[in-house]
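Please keep the sequence and the structure in view while reading.

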Amino acid sequence: MGSLKVTLCAGAALATAWCAPAAYTYAADGGAVSVSPSSPAPGTDVTLRVPDCTEKTAVAVSAAFESDVRLSLAAGDGVLVGSSQVRTSVRAGAYAVQVKCGEQARKGTITVRDERRPTAPASPVAPVDAGGGGTAELAASDAGDGARVDPPGPAHTVTGLVLAGIAAVAVALRSVRSRSRGTD
C-alpha cells in the first residue's frame with residue numbers, strides 16, 4: 001500500500017513539473033499561441049505550438065521572426081508545431097504572433113529581451129602558439145637551435161646492434177638458468 005502512494009505522488013509531481021511551464025506560457029500568450037522560450041534574445045531559435053486547430057498546416061507571422069513559420073501536425077495530439085529564429089536585428093519588446101487556423105485567427109505574443117551580443121567570439125577561432133612541450137625544439141622552424149639535423153649514422157647503428165646482442169644473450173642465459181633449476 002505504501003509503494004502505491006509513493007508511485008502516485010511521484011507521478012503527480014512529475015505531471016506538475018512537466019505541465020507547469022506550458023501553463024505559464026499559455027497564460028502569458030493569452031491561451032492561443034505558445035512560444036518557447038517565451039522571452040528569447042535576438043538570434044534565438046523558438047518553437048511555436050498552436051493547440052486545437054482544425055487545419056493540418058498553418059503559417060505564423062510576426063515581425064520578430066526571420067521569416068514566416070510553417071506549422072504542421074507533430075503528433076496525433078492535434079497540436080501544430082513549427083520553429084523559427086528571432087531576427088538578430090530586432091529590438092527588445094513585445095511582438096504579436098498571428099496564426100490563421102482555418103476560419104479562426106489565433107494570436108499570441110513574444111517578448112524579446114534586451115541582450116547585448118559580444119563583438120568578439122567567446123572562444124579562439126585560430127590555433128594558439130602555445131609551444132610544443134618536450135618536442136618544441138624538434139618542431140622549431142630554425143632547427144639549428146639544439147634540434148638534430150642529421151639522421152642516425154653508422155655509430156648509432158653499431159651501438160644499437162651491440163645493445164640488442166647483449167639483451168639477446170641475457171635472455172638466453174636466463175632461459176638456460178630456469179631450465180637447470182627445473183631439472184634439479
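**Confidence, fold and core**

This is a predicted model, and the mean pLDDT of the protein is 75, with 62% of the residues reaching 70 or more. Over residues 6-31 the pLDDT stays under 50, and for this stretch the model has twelve contacts beyond four places in sequence.

The protein contains three helices and seven strands. Along the sequence these elements follow the pattern α-β-β-β-β-β-β-β-α-α. Among contacts with a separation of 6 or more, 51% are between residues 24 or more positions apart.

Of the 184 residues, 21% count as buried. The largest nonpolar core has 22 residues, of which L48, L71, V97 and I110 touch the most other members. At least two residues of this core are supplied by each of β2 (45-50), β3 (57-61), β4 (69-73), β6 (93-101) and β7 (104-112). The largest share, four residues, comes from β6. The surroundings of I110 may be examined individually: leaving aside residues up to four places away in sequence, I110 touches V35, S38, P40, V46, S62, A64, F65, V86, G93, A94, Y95 and V97.

A nonpolar surface patch of about 380 Å² is formed by V158, V162, L163 and I166.

Terms used:
Residues numbered from 1 in each chain as written. Predicted model: local features only at pLDDT ≥ 70, side-chain atom pairs only at ≥ 80, totals over all residues. Heavy atoms only, no water. pLDDT = per-residue confidence, 0-100. Contact = heavy atoms within 4.5 Å. Patch = residues over 30% accessible without salt bridge, like charges linked within 9 Å, V, L, I, M, F, W, Y side chains within 5 Å. Areas by Shrake-Rupley, 256 points an atom, 1.4 Å probe, with all protein chains shown as cover. Salt bridge = Lys/Arg side-chain N within 4 Å of Asp/Glu carboxyl O. Core = buried A, V, L, I, M, F, W, Y, C linked by side-chain atoms within 4.5 Å. Buried < 20%, exposed > 50% of the residue type's maximum accessible area, 1.4 Å probe, protein only.
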